[in-house]
Amino acid sequence: MAKTKRRVMLRRSLAALIAAGVLCYAGAAAAGLVVLPSGWRLSPVQGPLAHTGPMPQGLALSPDGALLAVVESGQPPAALRVLQTPGLRVVKVVPLPGAFGKPVWADDDHVLVAGANTDAVLDVDLRTGAIVQKPVAKGSWPAALARDSSGALATANDGDGTAWVGAAMVRVGAHPSDAVFSHDGTLYVSVREDNTVRAIQSGRVVKTIPVGLHPEALAISADGRTVYVAESDDDAVGVIDTRTNTKIADVPVGLHARRANQYGASPNALAVHGEDLFVSLGAENAIAVVRGRRVVERIAAGWYPTGVAVAPDGTLYVSNGKGEGAPANPVPGLLYSSSPWFVTKITIGSVRAIPQAAYRHARAQTSAVFANAEPEWTPAPANATILRPDGPIKHVIFIIKENRSYDQILGDVAQGNGDPKLVSFGAAFTPNQHALARRFGLFDNAYTNSQVSPDGHNWTDAALANDYVERFYPVINSHRRALYDMENSTAPTVPHNGYLWDAAKRAHITYRDYGEHLFVPLTGPITIPVNTAPGLAGHFDEHYVGWDLDYSDNERYAEWLREFKAFENNDKLPQLEIVYLPDDHSAGSKPGARTPAAYVKTNDWAVGRLVDEVSHSRYWKQTAIFILEDDAQYGPDHVSDQRSTFYIASPYAKGGVHHEHYATVSVLHTIELLLGLQPLSIYDQTARPMYDAFATQAVNAGPFKAVRPAGNLNEVNTKAAYGAAISAKLDFSHPDAVDPKIMNDILAHLGNR
């Protein structure tokens, strides 16, 4: 009872701080507490803190324990950062041509780093900063290193699915993630794709060990009898007996044990210290301490921990991939190439040193971790009767757009918390979105869970971007990895419970997909979508073109309308439709492509016409339409770099201005309530549903009239347009493939025209 009372008091204190405005949603700290865009909170254990570059991937202590090496692999050039312990003073930062995973110390002066896109192991001399590249193999893309007591080195290579042990190459399977030597020289390699750990001796695989979903980090016990494996999408740590090379146990480490079948902890790094195993829980912003095959403590960390290391005195070092919170992005106008203000640069990482005394047997820490992972929202109000599967709303249309912040579009709406100086495509460009906000509700405190499109489409479709996505998208966006597999709906990107369409299939409701999570090979004229998601087989429109900026949202709308009319005539409208309208992404000033303004206007017109059509149909009185961006796409916003536009359209939409904190997963939770779907992750399970946006009666039952934006919706860029020569060479093969510095510089010159 005392523990429960303490938790309740802590949650009430947090809620009071938020209500009083002491905590701001932009991520500014107050009393050690930060509210993230997701609605979850940070209250990391206080101690020495060092900021790093974006996305620190892992860390390791030097043999004498005096230094800490940190691998940075985010949007700027990769780097090796060396910090003095325990105070975390910066000793040296060495830029690297590529990097991934955690570093390995060769001696007190040399650090080895998996060179990723360099296809080499990088040997960094800390005295001089010199880097020696030790080639592995062309296309190997080393992602992890292991070194035994004799100095033998091994690599796990994501590019070609191999492990290199000395001069021997061993095929292990697609996307190996980590490697560790046992005391007898056996090399263990975790393989994400087929959920195994390979035991390698004398240059060959001697045992393939089945483990949990998408294994990542490995660690060996002090006595060498146990290999631990982080099963990242099963929220567990597998225990492997090295004498028999079999998995003998699983240790659940996520918070989902409190909620049946809810996953989302993303265990992604391990460290052994005596009888304790420290487990980094990336998506739950915490470290779990496992002792005797059970979690005995939880330690509050920063945002998305990625690495753990423990000093002999018990000091715990934690790297946090996204640092200490989501900052605002208050840059007037759009961004210029010289500006550092875009999301994957301003979301910097951090390292924290946590003394053993601060966490050992600290029950308050465990309580704080649970409280932080439970965003505050009022219990279901009276209008919750609307958000139920047997309620009046029988159909949901979920529209996913591409990449705009709140202030870019709605900063000119006086009733909301907007900054007019940051508006790029205001009411003149987006009259339908403004009309939707005026009539059905303005949401000025809503955020994407994601930062860019690779993780954005996973958050919008699965209520989670798993650790594979979180670790690799910064590398992809930095053009250090050519493979773009963030939206192919196949391992290892698929989280435990799959996607929204999988939930619909499990619930036996009807559903239809239009372009979302479908690949469109850009190899000819208008191409046919390719489906790689098992749950979408037989449930997508084969004639609907997804990502292809040579296609128009007006053409997408026409194809959606063709099927909608047929469904209406046959009274067979699916209960769930997912519609992808990506034109607001734009193609910069690429000659012959539409101008950014034309793209945005076309997108607005297509959205307006879809709502118009539904509102004039037989299904309007039974429908709710949700419209959001997959991410805020580096857009300027004075509140948060992840604040974006949310719209709803329904006869039951209450209208007015809504200041409630919502996130992408709030929309998913609301859809799940309406259609009777089970939550996909702990994030949508705990997200605040959009109760306050709905009335108990159909107060908005009249039809919606779309407005065609003024001007030429087919206006194209000329060769004389700003940045035309650069745009002609840019890669638009998938969302966010273009360097955001270049894209935003072009938009800065061409926006508002």
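Contact here means heavy atoms within 4.5 Å, axes are lines fitted to C-alpha atoms, for helices over the stretch in contact, with angles running from 0 to 180 degrees between N-to-C directions, and helices (H or I, at least four residues) and strands (E, at least two) are DSSP runs numbered from the N terminus. The model is predicted, with local features needing pLDDT of at least 70 and side-chain atom pairs counting only at pLDDT 80 or more, while totals for chains, interfaces and linings use all residues. Residues are numbered from 1 along each chain as its sequence is written, and side-chain values use heavy atoms, with hydrogens and water left out.

**Sheets**

- Two strands are taken to pair if DSSP finds at least two bridges between them, and an open sheet of four strands with antiparallel pairing then has the order S20-S21-S22-S23.
- S20 and strand S23 (246-252) are at the edges of that sheet with a single partner strand each, so one side of each has no neighbour in the sheet; the twist averages 25° from one strand to the next.
- Within this sheet, strand S21 (residues 226-231) and strand S22 (residues 236-241) run antiparallel and are joined by six bridges, and valine 227 has isoleucine 240 in S22 as its bridge partner.
- Six bridges link S24 with strand S25 (residues 276-281) in the antiparallel sense, and leucine 270 stands opposite valine 279 in S25.

**Helices and aromatic pairs**

- Helix H7 (residues 453-462) packs with helix H8 (residues 467-477) at an angle of about 145°, the axes lying 8 Å apart.
- Pro454, Asp455, Asn458 and Trp459 in H7 meet Val469, Glu470, Tyr473 and Asn477 in H8; by class, this contact has four nonpolar, two polar and two charged residues, where Ala, Val, Leu, Ile, Met, Phe, Trp, Tyr, Cys and Pro count as nonpolar, Asp, Glu, Lys and Arg as charged, and the others, Gly among them, as polar.
- Rings of Phe, Tyr and Trp (its six-membered ring) pair if their centres lie within 6.5 Å, with planes under 30 degrees apart counted as stacked, over 60 as edge-to-face and the rest as tilted; the whole structure holds 17 aromatic pairs.
- Tryptophan 560 and phenylalanine 564 form a stacked pair, because their ring centres are 4.7 Å apart and their planes are at 20°.

**Pocket and cavities**

- On a 1 Å grid over the protein atoms alone, a cavity is a set of points where a 1.4 Å probe fits but cannot get out, a pocket is an open set with protein on both sides within 12 Å along at least five of seven lines, and lining residues have an atom within 4 Å of a point.
- Grid points are joined across faces, edges and corners, and a volume is the space filled by probe spheres set on the points; the largest pocket holds about 1,300 Å³.
- The largest pocket has 50 lining residues, with Leu59, Ala60, Lys102, Pro103 and Leu270 nearest its centre, and S8 gives the largest share of the lining, six residues.
- The lining of the largest pocket comprises 29 nonpolar, 13 polar and eight charged residues.
- Among the 15 residues lining the largest cavity, Trp303, Lys322, Asn449, Trp459 and Tyr683 are the closest to its centre.
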